[in-house]
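Here's a quick walk through a fold and its ligand site. Have the structure open and follow along.

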Amino acid sequence: MVNADITLADLPLRPELVGEEPYGAPQLDVPVCLNVNENPYPPSASTLEEMADAIRNAAYHRYPDREFTGLRQQLADYLGHGLGVANVWAANGSNEVMTHVLGAFGGPGRRVLSFTPTYSMYPEYARNTHSDYVTAPRHDDYTLDAGLVLRAIAEHDPTVVIITTPNNPTGTTTPLAEIERVLTGTDAIVVVDEAYQEFARHPDETALTLLPRFGNLVVSRTMSKAFAFAGGRLGYLAAAPAIVDACRIVRLPYHLSAQTQAVASVALRHAGEMLARVDDLRAARDELLRRAPAMGFEVVDSDANFVLVGRWSDRHLAWQQLLGQGVLVRETGPAGYLRVSAGTPEEMEAFYAALACVDAPRMGE
Ligand code: PMP
């Protein structure tokens with residue numbers, strides 16, 4: 001069959017991939033994008049200039065540093081808590097870091113457990129690493145406690161447990177004391193996904209503080225959110241050196257390009273500037289939590305840079321009505337809600353104005 005006529009049905013696609021769609025929120029060119037939890041504030045002109053210099057000065061005829069030791073040292077310094085190079089691993093977004101963790105600790109016949117509703121990429125990480133994916137529901141208010149987690153562990157016997165705090169898409173934080181009790185009660189690898197930790201009301205209450213006591217703990221972080229570096233693609237983890245060594249076995253050699261290492265290094269040197277708008281975004285989130293209810297909508301309390309707003313009996317229609325006014329949000333999460341990222345003051349005003357014009361029917365109407 002000639003190239004142009006061949007379809008996926010003619011190819012020996014893995015059976016579990018038949019009918020699957022590539023993951024991803026719609027990427028639409030609209031004035032106000034509040035759909036993927038980015039930091040909307042770009043770096044300063046001088047930092048961008050330094051990034052450009054770093055790219056100009058990187059060596060492209062040689063492979064990059066496979067162990068990216070300099071960048072790992074910077075990440076360890078940024079995290080603090082006495083961490084060093086041996087405790088840190090990184091990849092092209094925390095998505096890739098997680099595929100390293102599951103490549104090393106998941107696999108055929110092994111289970112990965114998470115708590116729904118939660119981040120919709122986890123089942124894909126599991127599928128791509130040939131791991132089984134199992135879930136347990138969170139409490140009705142989307143919280144988690146150690147009892148619920150440990151019961152699910154006893155039921156499913158996973159090798160990897162993922163606790164997302166603050167959770168995407170609900171924004172719910174899991175208290176550190178609960179995570180500590182989970183770690184005390186299991187030998188499974190416990191990944192605490194803190195992608196949104198910098199936005200939390202208490203960012204210092206991080207699972208990083210538990211690392212010295214628990215060798216099975218992985219704390220996953222990213223530069224995509226608070227750090228305003230989503231386009232740079234740099235996610236990382238902190239864990240015991242043995243866990244980092246396991247990731248090193250399954251990574252592709254030279255997975256972090258010379259440009260990625262160079263630009264991320266500049267971003268980390270300017271951590272203060274990159275993170276300078278986190279307070280503004282927290283304030284925008286808190287205003288959203290106040291203002292949407294004042295307009296008659298329901299919200300779910302959030303510690304991240306996004307809020308679930310609803311509830312519509314036809315949320316797709318509400319999503320479309322916002323989009324029709326140039327505001328892109330995310331159609332995800334529990335029934336009836338849309339997830340709205342915290343943006344600049346101008347973006348938020350555009351969102352509130354558009355929201356006021358949405359007349360899609362609400363639940364219970
Ligand atoms: N974890 C969570 C909970 C997320 O919401 C996201 C991004 N939406 C990621 C991980 C992955 O982010 P990245 O690959 O950009 O680091």
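This is a predicted model: local features need pLDDT of at least 70, side-chain atom pairs count only at pLDDT 80 or more; totals for chains, interfaces and linings use all residues.

Strand S3 (residues 111–116) runs parallel to strand S5 (residues 160–164), and the two pair over 2 bridges. Look for valine 112, which sits opposite valine 160 in S5. Helix H5 (residues 146–156) packs on the sheet here, touching S3, S4 and S5, and its direction makes about 145° with that of S3.

S3 also pairs with S4, again in the parallel sense, over 6 bridges. Here phenylalanine 115 faces alanine 136 in S4. To get from S3 to S4, the chain goes through helix H4 (residues 122–128), making a right-handed β-α-β crossover.

Now zoom out. These strands belong to an open sheet of 7 strands with mixed pairing, in the order S2-S8-S7-S6-S5-S3-S4. Strand S2 (88–91) and strand S4 (132–137) are at the edges with a single partner strand each, so one side of each has no neighbour in the sheet. From one strand to the next, the twist averages 25°.

On to the ligand. There are 14 residues around it, and Ser94, Asp193, Tyr196, Thr222 and Ser224 come nearest.

| Residue | Ligand atom | Distance |
|---|---|---|
| Aspartate 193 | nitrogen | 2.7 Å |
| Threonine 222 | oxygen | 2.5 Å |
| Serine 224 | oxygen | 2.6 Å |

How much of the ligand does the protein bury? Taken alone, the ligand exposes 400 Å², and the protein buries 92% of that.

Conventions: Residues are numbered from 1 along each chain as its sequence is written. Side-chain values use heavy atoms; hydrogens and water are left out. Two strands pair if DSSP finds at least two bridges between them. Helices (H or I, at least four residues) and strands (E, at least two) are DSSP runs, numbered from the N terminus. Axes are lines fitted to C-alpha atoms, for helices over the stretch in contact, and angles run from 0 to 180 degrees between N-to-C directions. Contact means heavy atoms within 4.5 Å. A crossover is right-handed if, with the strands pointing away from the viewer, the path from the first strand over the helix to the second runs clockwise. A residue is near a molecule or strand if one of its heavy atoms lies within 4 Å of it. A polar contact is a pair of N or O atoms within 3.5 Å; within protein, one must be able to donate a hydrogen and the other to accept it, and residues adjacent in sequence count only if both atoms are side-chain atoms. Accessible areas come from the Shrake-Rupley method with a 1.4 Å probe; for residues, only the protein chains shown count as cover.
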